[in-house]
Amino acid sequence: MRQSVLFPKTVKEDPKDAQSANHKFLVRGGFIDQLMSGSWSILPLGQRVIGKINQIIREEMNAIGGQELSLPLLHPKEIWNETERWDAAREVMYQLSDARGREYALSFTHEEIVMDLIRKKISSYKDLPLYVYQFSTKFRNEPRATGGILRGREFLMKDLYSAHVSEADLMAYYETVKEAYLKIFNRLGLKVLVTEAAGGVFTKAHTHEFQVLSPVGEDTVFYCENKNCGFSQNKEVAVVAAGGRCPTCQSSLIKEGRAIEVGNIFPLGTMYSEKMQAFFTDKNGARKPIWFGSYGIGPTRVMGTIVEEYHDEKGIIWPEAVSPFNIHLLGIKNQESRIMEKTEELYEKLTKAREEVLWDDREDVSAGQKFADSDLIGIPWRVVISEKSLAGGGVEVKKRNQAESKIVSQDQLLNFLLR
RNA sequence: CGGGGAGUAGUUCAGCAGUAGAACGCUCGGUUUGGGACCGAGAGGUAGCAGGUGCGACUCCUGUCUCCCCGACCA
């Protein structure tokens with residue numbers, strides 16, 4: 001990708017009202033743009049990051065049997081009445097009507113929609129278990145959108161739904177998903193606390209949230225200071241207090257912290273299938289309700305959380321797994337044909353080697369601005385070609401998270417990048 | 001919904017009861033290119049919206065809308 005055509009350009013000034021790092025840097029770098037409170041456009045750089053995040057999630061979902069599909073976002077009132085959530089979840093749901101007065105909801109989740117599919121398509125224990133997931137927009141009528149892209153009224157979510165013949169099978173899979181989520185967040189570079197929490201408008205059962213400790217987080221969690229212990233509870237269900245002894249490991253103390261919820265899993269049981277008449281026939285011919293669970297991760301919120309965790313005063317420092325590009329190739333003094341030719345040659349070589357390269361080919365931009373933009377956008381490897389690097393025999397390589405650079409030959413570069 | 005803050009050029013902001021400014025960005029010309037370069041010449045806003053008080057309102061008052069922060073709420 002040539003940076004001269006990348007949309008949009010970076011900006012120097014922080015957005016007027018921005019407080020959080022994700023808001024400042026994602027906007028300045030041109031990853032996102034705000035339409036209204038809680039509503040964001042994902043721009044080309046941001047889309048590449050979201051694509052990386054989604055692909056990691058997709059791989060882990062497929063690894064635990066997930067089948068990807070896509071569900072509607074506009075739902076009839078009637079299906080929400082079946083579970084009584086038209087009224088119960090009224091405050092978070094955008095409800096609207098058309099010119100004829102028919103009423104609809106914009107999707108804030110998809111349990112009812114998946115359950116409708118299940119009752120139409122599944123009738124035997126032989127059809128179970130079933131695991132389906134999607135990436136789609138969710139609409140939530142947030143009383144207060146906040147934290148840049150962290151809490152929106154419209155956001156991206158990966159939601160997985162599972163259907164089972166028994167509670168035991170559901171709970172076994174629940175643990176499988178928990179492990180898959182830990183793998184996902186590990187690959188994304190996020191340290192998560194698996195936190196006991198309430199089920200909100202989804203279930204009366206306790207659930208588990210995946211929380212990333214952060215001062216900009218909106219949840220308060222109590223957790224064991226012993227990282228090997230892993231005890232963690234959301235304030236809303238907590239039976240412990242800060243400074244108390246951990247009920248799990250008995251030895252360490254409980255700490256209190258703010259955290260960002262990046263994922264949540266729900267063992268929903270049979271409430272939905274009973275209300276929506278989703279039954280299967282077991283081996284003995286008995287008609288039984290299907291056991292159900294749902295599991296969510298918010299990729300847009302994950303992107304914001306990663307920026308909160310990985311930045312310095314100059315900009316973002318993307319983990320390699322989610323960076324929009326692997327290499328930021330900078331030509332200094334591009335109007336000198338020698339520089340331009342050498343840089344283009346390297347760009348072609350790297351691209352052929354299947355590296356994802358953002359090439360700063362701009363001729364009318366100063367060296368200082370190129371470096372500043374590079375730090376802001378935060379691609380892990382910076383490769384510079386300049387008179388200085390050529391005089392030193394090659395190209396200058398620097399990692400975004402390290403201060404020192406080194407000059408290597410073009411041939412050495414590929415090996416160098418292969419780590 | 002309660003409390004606080006803010007709406008003036010594309011962006012970030014200043015200013016003033018007497019008819020709108022700066023920086024950055026943008027356009028053109030020229031000089032530049034290792035940490036957000038410089039010179040010159042331009043384009044670009046009628047001040048969130050609606051009332052009110054003034055001879056006169058961007059400026060004062062009232063209402064309203066929007067945005068941000070804290071809280072409440074919340075997959």
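This is a predicted model: local features need pLDDT of at least 70, side-chain atom pairs count only at pLDDT 80 or more; totals for chains, interfaces and linings use all residues.
**Exercise 1. The surface near the RNA**

Find out which helix gives the most to the surface near RNA strand B, and how the residues of that surface divide by class.

*Solution.* Start with the residues around RNA strand B: there are 50, and Gly200, Gly298, Ala367, Gly368 and Ser386 come nearest. Next, look at the elements behind this surface. At least two residues each come from β13 (254–269), α10 (367–377) and α11 (387–391). Of the elements, α10 gives the most, with eight residues. Finally, sort by class: 16 residues are nonpolar, 17 are polar and 17 are charged.

**Exercise 2. Two packed helices**

Work out how α1 and α8 are oriented to each other, and name the residues that meet.

*Solution.* Two packed helices are described by the angle between their axes and the distance between the axes. For α1 (residues 21–28) and α8 (residues 299–309), the angle is about 105° and the axes are 8 Å apart. Angles of 65 to 115 degrees count as roughly perpendicular, so α1 and α8 are roughly perpendicular to each other. Now turn to the contact: Ala21, Asn22, Phe25 and Leu26 of α1 meet Gly304, Val307 and Glu308 of α8. By class, the residues of this contact are four nonpolar, two polar and one charged.

Terms used:
Residues are numbered from 1 along each chain as its sequence is written. Chains are lettered from A and ligands numbered from 1 in the order in which they are written. A residue is near a molecule or strand if its C-beta atom, placed from the backbone, lies within 6 Å of it. Helices (H or I, at least four residues) and strands (E, at least two) are DSSP runs, numbered from the N terminus. Ala, Val, Leu, Ile, Met, Phe, Trp, Tyr, Cys and Pro count as nonpolar, Asp, Glu, Lys and Arg as charged, and the others, Gly among them, as polar. Axes are lines fitted to C-alpha atoms, for helices over the stretch in contact, and angles run from 0 to 180 degrees between N-to-C directions. Angles under 35 degrees count as roughly parallel, over 145 as roughly antiparallel, 65 to 115 as roughly perpendicular and the rest as oblique. Two residues are in contact if their C-beta atoms, placed from the backbone, lie within 7 Å.
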